[in-house]
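Please brief me on the fold, the metal site and the nonpolar cores of the structure below.

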Amino acid sequence: MLGSIEAGGTKFVCAISDFNLNIIDHTTIDTDEPNSTLKKVFDFFSNHTIKSLGLGCFGPIDINIQSPNYGCITSTPKLAWRNFNILKALSDNISVPIALNTDVNVAAYAEYHKGAAINTNNCIYLTIGTGIGGGIIINKKIIDSRHHPELGHIFIQKREDDHYIGNCPYHKHCLEGLAAGPAIEKRWNMKPIAIPDTHNAWELEAYYLAQAIVNYTLTLSPDIIILGGGIMHKSFLLPMIKSQVLSILNGYFPIDNIEQYIVLPKLGDKAGIIGGLLLAKELLQA
Ligand code: ZN
């Protein structure tokens with residue numbers, strides 16, 4: 001049996017699968033302070049015998065295996081979790097090998113193996129919801145960088161008519177500060193779900209996301225970019241973003257087929273859990 005944990009800021013999803021990644025049992029736990037949340041995680045896994053565990057965790061988190069703080073959640077606004085070593089807490093209670101990466105890198109890996117990025121070598125998975133985060137697959141592997149990428153905190157140009165100051169507690173007007181769900185809500189005084197499809201909020205949202213995609217494209221030239229998260233449930237956004245990407249690139253960079261270049265996820269809410277299972281399986285094959 002393999003175990004997987006998708007540790008998110010609002011919920012933890014835990015799952016068990018067989019070696020072929022068929023999920024046998026799973027549970028969802030509301031994220032509270034670390035000890036009470038993890039107690040429920042341990043209760044779930046105590047009912048199963050697993051050989052290894054894959055963990056995709058919200059960040060920022062230290063995923064450098066050489067670091068003395070490996071597994072430690074760092075500068076999160078969720079104060080109870082700041083400087084909490086989730087990997088150590090899990091290792092102390094679940095005595096199997098544990099593979100750790102960020103929730104978005106793990107989701108990207110799942111989409112690469114089982115979802116929208118099959119048959120590619122390089123992909124980016126971006127989630128746009130209460131925050132913005134992204135995972136990167138380079139040459140068929142999760143990017144092996146000193147610190148995991150922070151694709152939501154890149155800087156983009158504000159449109160001249162946008163007077164909203166920005167919502168990121170660290171940078172104000174980074175991508176997350178301008179285009180994540182809470183920024184949309186504060187700018188327009190409406191929850192994103194309640195904003196009409198024809199509202200010009202979405203033109204601005206597409207413009208900001210397109211700028212980010214152009215930056216990722218020019219920097220990494222991936223084979224495919226996958227856009228997930230709650231904001232992308234607004235299905236009319238995707239064609240608006242594609243159109244803006246082509247407009248900003250202005251013919252400079254070759255994109256053969258924009259329809260296949262920017263896509264929605266195929267695994268939906270399961271990407272994180274499936275990615276964790278993939279990492280758990282690889283641990284046993286290493
Ligand atoms: Zn930021």
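Helix α3 (residues 103-114) lies across β1, β4 and β5, and runs at about 100° to β5; angles, from 0 to 180 degrees, are taken between N-to-C directions of axes fitted to C-alpha atoms, for helices over the stretch in contact, and contact means heavy atoms within 4.5 Å. Helices (H or I, at least four residues) and strands (E, at least two) are DSSP runs numbered from the N terminus. The model is predicted: local features need pLDDT of at least 70 and side-chain atom pairs count only at pLDDT 80 or more, while totals for chains, interfaces and linings use all residues. Residues are numbered from 1 along each chain as its sequence is written, and side-chain values use heavy atoms, with hydrogens and water left out.

**Sheet**
- An open sheet of 5 strands has the order β3-β2-β1-β4-β5 with mixed pairing, where two strands pair if DSSP finds at least two bridges between them.
- β3 (23-30) and β5 (98-102) are the edge strands, each pairing on one side only.
- From one strand to the next, the twist averages 15°.
- Parallel pairing joins β1 (residues 2-7) to β4 (residues 52-57) over 6 bridges, and Ser4 stands opposite Gly54 in β4.
- Helix α1 (residues 34-46) lies across β1, β2 (11-17), β3 and β4, at about 15° to β2.

**Zinc site**
- The zinc ion has as protein donors His153 (ND1), Cys168 (SG), His171 (ND1) and Cys174 (SG), 2.1 to 2.4 Å away; donors are N, O and S atoms within 2.8 Å of the metal (3.2 Å for Na, K and Ca), and water is not among the atoms, so sites may look incomplete.
- The site is tetrahedral, with angles of 102 to 121° among the 4 donor atoms; four donors count as tetrahedral if all angles lie between 85 and 135 degrees.
- Along the chain the donors follow the spacing H-x14-C-x2-H-x2-C.
- His153 and Cys168 both lie in the loop between β8 (141-142) and α4, so the pair ties together parts that are 15 residues apart in sequence.
- Cys168 is buried, at a relative accessible area of 3% (buried is under 20%, exposed over 50%, partly exposed in between; 1.4 Å probe, protein chains only).

**Nonpolar cores**
- The largest nonpolar core has 39 residues, and Leu175, Leu227, Ile241 and Val245 have the most contacts inside it; such a core is a set of buried Ala, Val, Leu, Ile, Met, Phe, Trp, Tyr and Cys residues joined through side-chain atoms within 4.5 Å.
- α6 gives the largest share of this core, 12 residues.
- Another core, of 30 residues, lies apart from it and includes Ala7, Phe12, Phe44 and Tyr70.

Note on methods
Tetrahedral: all angles 85-135°; square planar, octahedral: opposite > 155°, others 65-115°.
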